[in-house]
Every structure is written in structure tokens, then in C-alpha cells.
Amino acid sequence: MATTAARKALRKLLDRGDLVVAPGVFDGISAQLTKRTGHRAAYLTGAGVAASGFGLPDIGLVTQTEMVERARMIVEALEAVPLIADADTGYGAPLNVVRTVRQYEQAGVAAIQLEDQAFPKRCGHLPDKHVVPAAEFERTLAAALDARSDDDLLIVARTDARAPLGLDAAIDRANTYAVAGADIVFIEAPQGTDEIERIAREVHAPLLINLVLGGLTPLESTQRLTELGYAIAIHPSDPLGRAVFAMLQGLCELNGTDPTALIPASPAEFFNLVGLSEWSDIDQALANRKVAS
């Protein structure tokens, strides 16, 4: 498959060594505004697509087909602005990952992000995450690398091991995934400036950092992240969070109510606006259901 101007642009940005700041996009207007305000890259946020497109929390409910269709539309809106696209766990076994990469590549994304969570995945800033063995994710990564037909399509390997296994394990995994061929690596949800700095020292690959409003990771400045040598900073919740705040204020003005109790201060509170609590109850009820022998 022929490469694209957007993929070449992202490669060039990374080769220059400047920090690439990528706001979260989730629909057509967020993509258009990101382009028209002069941003050099954008990030297709799975959480944002789940919430804005389907009214769902980010707990693995959105499918590969739904994400690919959203990616294709956003790539068209962004034109030459490169899109880094969330693809969760790849939506299945390595065979499914092959199809996922092919579909995302055909949609025109500049980079595809895959993670080592167990399915169904959860937002990286929610509790109770689980990861698959590192060797299992290496098979996912190998499938992704083999499936791309354009070497300019970058593969981002994300590990969520920090929460369940600790920072040492997360750093080990990040370096393992880099050796296995990932173009960019991403340790999700470091907890504190010291952890951000340690990751920068000890991970030997281009680094992506995820800055979530109200999340577990401190919102470090662009200048400081550049000094530390990070390659990409994604801000998945920033445009959507601001839009949700404005919508709550406007809607409550219309009926004379107070939006204060609804304004989220954390990812969990945000996802409760789109049914996290109700879906958690369903999940618990299914887990507790007795099956006749």
C-alpha cells in the first residue's frame, strides 16, 4: 500500500526530535477544529469515541468496525494532519490483530496503538485493570508488524502493567516491546513526576505519554516533556472534557438546574455520565449468575 502525506509528516516530526502534541479527536468537528487551529497531529481517543459516538464508557464495548469507520471519517477531515489511532487490544487474537491493522491502514491513520490489557479492556485511568503475559502481547505486536504494508505506518505499543504489576514491570515490558519492533512505546498512567522522569531515563525507545484531565498522571508541561525527551504527548480528554462541561452548563441553564453535581472531576465520574455504574452492575450480575450443572 502506498504511503500517505500524513504518515510521512509524522515520521518527519519524530525525526526532528520535537515533542508532538496531539489533542484527542472523536468526531468530525473535533477533527476539523484541531486542523484549523494549527495542530500538527491528532489522537483518535477510544474513550472519546465510546462516549461521544455511542454514549458508552471506555470498558471494551466499542467494536473494531465502529472504530475503523470513525478513524476513516476523521482522517478525511484532518487531511494532511497525521492521526494516531487507538485500537485497544487489537480486538481479539493475533489473527484479529492482522485484520485490525489492515483496516486501520486502509483508513489512512498514521499510527496505530495497541495495548497489553486483557479483554475486555478498561480506560487506563480506571481501577481493576489486568494485563496479559508479555509474551502474549509480543505475539500481538508481531502480528501487527507483519500485517502493515506501509512501513511508514507506526506501531505504538502500550503497556498497562504499572497499575497491576508496578513500575519496574512496566519499564521491563516497554523495553521488551521496543526490542520486538514497536516504533513507539507508551507506559500508561505513571503516578508522579518521579515516575515520568524514570521512564524517560530507563526506556530506550521513542516515548508517548498520556495526559488525562483528572487522571493518575501529573499534567507536565510541553517544555518539561521536551527536556525529558518524550516524543509524543496525547491529550485525549481535553477537547471532549471542555465540550462536556459547556454542554452541561448550557443544558442546565435551559431548565434552571445546577450542573455542579454532574461536572466530572475524574475519569470514573466522566464515564458515569455515559453509564459506567450501570454497566458495572450488569457485569457484576453476570459474574455472579449461577449456571445450572
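Me: Quick one to start: are Phe 270 and Phe 271 buried or exposed?
Reply: Both Phe 270 and Phe 271 are buried. Keep in mind that this is a predicted model.

Me: How many aromatic pairs does the structure hold?
Reply: There are 2 aromatic pairs. One joins Phe 137 and Tyr 177, with ring centres 4.6 Å apart and planes at 55°.

Me: Which label does that angle give the pair of Phe 137 and Tyr 177?
Reply: The planes of Phe 137 and Tyr 177 sit at 55°, so the pair is tilted.

Me: Where in the chain do those two come from?
Reply: Phe 137 is in helix H6 and Tyr 177 is in helix H8. They are 40 residues apart, so the pair links distant parts of the chain.

Me: And are Phe 137 and Tyr 177 buried or exposed?
Reply: Phe 137 is buried, at 2% relative accessible area. Tyr 177 also counts as buried, with 1% relative accessibility.

Me: What about the rings of Phe 270 and Phe 271?
Reply: Their centres are 5.4 Å apart and their planes stand at 70°, so this pair is edge-to-face.

Me: Let's switch to helices. How do H8 and H9 cross?
Reply: Helix H8 covers residues 167-179 and helix H9 covers residues 193-202. Their axes come within 11 Å and cross at roughly 35°. H8 passes H9 in a right-handed crossing.

Me: Which residues make the contact?
Reply: From H8 you have Leu 167, Asp 168, Ile 171 and Asn 175. H9 brings Glu 195, Arg 198, Ile 199 and Glu 202.

Me: What classes of residue are in the contact of H8 with H9?
Reply: By class, there are 3 nonpolar, 1 polar and 4 charged residues.

Me: Where is Tyr 91?
Reply: Tyr 91 is in the loop between strand E3 (83-86) and helix H5 (94-107). At 16% relative accessibility, Tyr 91 counts as buried, because the cut-off for buried is under 20%.

Me: What is the phi of Ala 189?
Reply: Ala 189 isn't a glycine either, and its phi is positive, at about 60°. You'll find Ala 189 in the loop between strand E6 (184-187) and H9. Ala 189 is buried, with a relative accessible area of 3%.

Me: Which is it for the peptide bond from Phe 119 to Pro 120, cis or trans?
Reply: That bond is cis, with omega near 0°. Most peptide bonds are trans. Pro 120 lies in the loop between strand E4 (111-115) and helix H6 (134-147).

Me: Okay, where is Asp 58?
Reply: Asp 58 is in the loop between helix H3 (46-54) and helix H4 (64-78). Asp 58 has a relative accessible area of 7%, so this residue is buried.

Me: What does Asp 58 touch?
Reply: Leaving out residues up to four places away in sequence, Asp 58 touches Gly 46, Ala 47, Lys 121, Arg 122, Cys 123, Leu 126 and Phe 271.

Me: Cys 123 is on that list. How many disulfides does a search of the whole structure find?
Reply: The search finds 0 disulfides. A disulfide would be a covalent bond between the sulfur atoms of two cysteines.

Me: Are Cys 123 and Cys 252 buried or exposed?
Reply: Cys 123 is buried, at 9% relative accessible area. Cys 252 is buried too, at 8%.

Notes
Residues are numbered from 1 along each chain as its sequence is written. This is a predicted model: local features need pLDDT of at least 70, side-chain atom pairs count only at pLDDT 80 or more; totals for chains, interfaces and linings use all residues. Side-chain values use heavy atoms; hydrogens and water are left out. Axes are lines fitted to C-alpha atoms, for helices over the stretch in contact, and angles run from 0 to 180 degrees between N-to-C directions. Helices (H or I, at least four residues) and strands (E, at least two) are DSSP runs, numbered from the N terminus. A crossing is left-handed if the near helix is turned anticlockwise from the far one by less than a right angle, and right-handed if clockwise. Contact means heavy atoms within 4.5 Å. Ala, Val, Leu, Ile, Met, Phe, Trp, Tyr, Cys and Pro count as nonpolar, Asp, Glu, Lys and Arg as charged, and the others, Gly among them, as polar. Buried means under 20% relative accessible area, exposed over 50%, partly exposed in between (1.4 Å probe, protein chains only). A disulfide is a pair of cysteine sulfur atoms within 2.5 Å. Rings of Phe, Tyr and Trp (its six-membered ring) pair if their centres lie within 6.5 Å; planes under 30 degrees apart count as stacked, over 60 as edge-to-face and the rest as tilted.
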